[in-house]
Amino acid sequence: MAFVCANWAQDRIVAENNQKLKYLYAEYSWWQVKQRRLEREAERAERESEAAAAARAREAAQFHSWARHEDAFHLHQARLRSQIRIRDGRAKPIDLLAWYVSSEQCVDALEMHEPYTYLNGLLAQDLEDLLEDIKVYKELEQHANQAYWEDVQTIVLDELGKLRRQSAPGLRRDGVHEAVADDVTQIFKGKTGAQLEALQAQIEHKISGKKDGVDVPYWESLLSQLKAHRARARLRDRHQDNLRRKLQLLKREQGVQPADAPGADTADAPGADTADAPDADAPGPALDCLLPSGDDCDTNAELQKPCPDNPEFAVLRFHAGPPYEDIAFKIVSREWEYSYKRGFRCHFHNNIFQLWFHFKRYRYRR
């Protein structure tokens, strides 16, 4: 009897253990199913998150592309309006400044004057309007030409400050007494960008030294004016380098194409086809006439053909009216290139009448 009871108890323990194992296995299986479900949900959430991030990235790229194309469109429209105003002889200062920087890579467009000369004679309101126009170009051109526009903006602010101080008599100009103002100008005059940079270091050293007898306000005022002079020097150096590069390229082109030199009668030569041959512009004169009293003048240029003593030449006459006399030049009687992209300019601005053009020429058809 005791043996039977012992076996029964052992069987019961085994049965209970088996029941517990089954329960634990069921629990483990359920936990595995739950884990797999959670992993699938996590993977699905990760995929959805990645898809959403990719969609946002595509939308951002598309928006950036739209914004870039919109900026390019507005910049193109601004340049087109500038070209129209320049062509019609009613150019604004921003038109000339924008044309200057956009034509730096065009060999045929030779700008004889630094860009800041376009500010000569502008009133305070003109300079304020120009500052707003510069902001537009800085925003539209993004990173292109930012250094150029920063320097022009600095000079405009300097010129505007001078006009405002002139309108308030009795005030010291730029923190410097009128008696030494000319001496201050002479300190900066004619110096290159590197020389002005060295001068700035010297002034900063003098101010930081705080030695007895040093007029700190004077040197601090000098330092504030130096910013505009350095901007002018950078633009002047940039202009000279660009002009030198263009002149070298033009000489090189003329050296390798002597048959296309101005005055060569290639249009009537055997084998020449002026209808199909591409036009190329030959250098013509660039004439600048200063008319200090030109506000009331009706300035125009008239080309008279032919020259009485030689039909191969013509007389280019400028008429500005009183108090100026007419002036005339003898030039080659050739057809002009009137394309603005080819360097043609005919306008009156800041009391300067400019006429720049190239002669058309034709190449041999081989």
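Me: In which helix is Asp151 found?
Reply: This is a predicted model: local features need pLDDT of at least 70, side-chain atom pairs count only at pLDDT 80 or more, and totals for chains, interfaces and linings use all residues. Residues are numbered from 1 along each chain as its sequence is written, and side-chain values use heavy atoms, with hydrogens and water left out. Helices (H or I, at least four residues) and strands (E, at least two) are DSSP runs, numbered from the N terminus. By that count, Asp151 sits in helix H4.

Me: Is Asp151 buried or exposed?
Reply: Buried means under 20% relative accessible area, exposed over 50%, and partly exposed in between (1.4 Å probe, protein chains only). Asp151 has 9% relative accessibility, so Asp151 counts as buried.

Me: Which residues does Asp151 touch, not counting residues up to four places away in sequence?
Reply: Contact means heavy atoms within 4.5 Å. With residues up to four places away in sequence set aside, Asp151 touches Ala231, Arg234 and Leu235.

Me: How many helices and strands are in the chain?
Reply: The pattern along the sequence is α-α-α-α-α-α-α-β-β-β-β-β-β-β. That gives seven helices and seven strands.

Me: What percentage of the residues in the chain is buried?
Reply: The chain has 366 residues. Of these, the buried share is 31%.

Me: At what angle do the axes of H2 and H4 cross?
Reply: Axes are lines fitted to C-alpha atoms, for helices over the stretch in contact, and angles run from 0 to 180 degrees between N-to-C directions. H2 covers residues 93-102 and H4 covers residues 146-166. Their axes come within 11 Å and cross at roughly 145°.

Me: Which residues in H4 meet H2?
Reply: H2 brings Ile94, Leu97, Ala98, Tyr100 and Val101. On the H4 side they meet Tyr148, Trp149 and Val152.

Me: How many residues of the contact of H2 with H4 are nonpolar?
Reply: Ala, Val, Leu, Ile, Met, Phe, Trp, Tyr, Cys and Pro count as nonpolar, Asp, Glu, Lys and Arg as charged, and the others, Gly among them, as polar. In the contact of H2 with H4, no residue is polar and none is charged. The nonpolar count is eight.

Me: Which residues of H3 make the contact with H2?
Reply: H3 spans residues 124-140, and the axes of H2 and H3 lie 9 Å apart at an angle of about 35°. H2 contributes Pro93, Ile94, Leu97 and Ala98. This contact has seven nonpolar residues, no polar and one charged. H3 contributes Leu130, Asp133, Ile134 and Tyr137.

Me: Which residues form one aromatic cluster?
Reply: Rings of Phe, Tyr and Trp (its six-membered ring) pair if their centres lie within 6.5 Å; planes under 30 degrees apart count as stacked, over 60 as edge-to-face and the rest as tilted. The whole structure holds four aromatic pairs. The cluster consists of Tyr100, Tyr137, Tyr148 and Trp149.

Me: What separates Tyr28 and Trp31 in helix H1?
Reply: Tyr28 and Trp31 form a stacked aromatic pair, 6.1 Å centre to centre with 25° between the planes. Both lie in H1 (residues 2-87). Because they are three residues apart there, the separation is about one helical turn.
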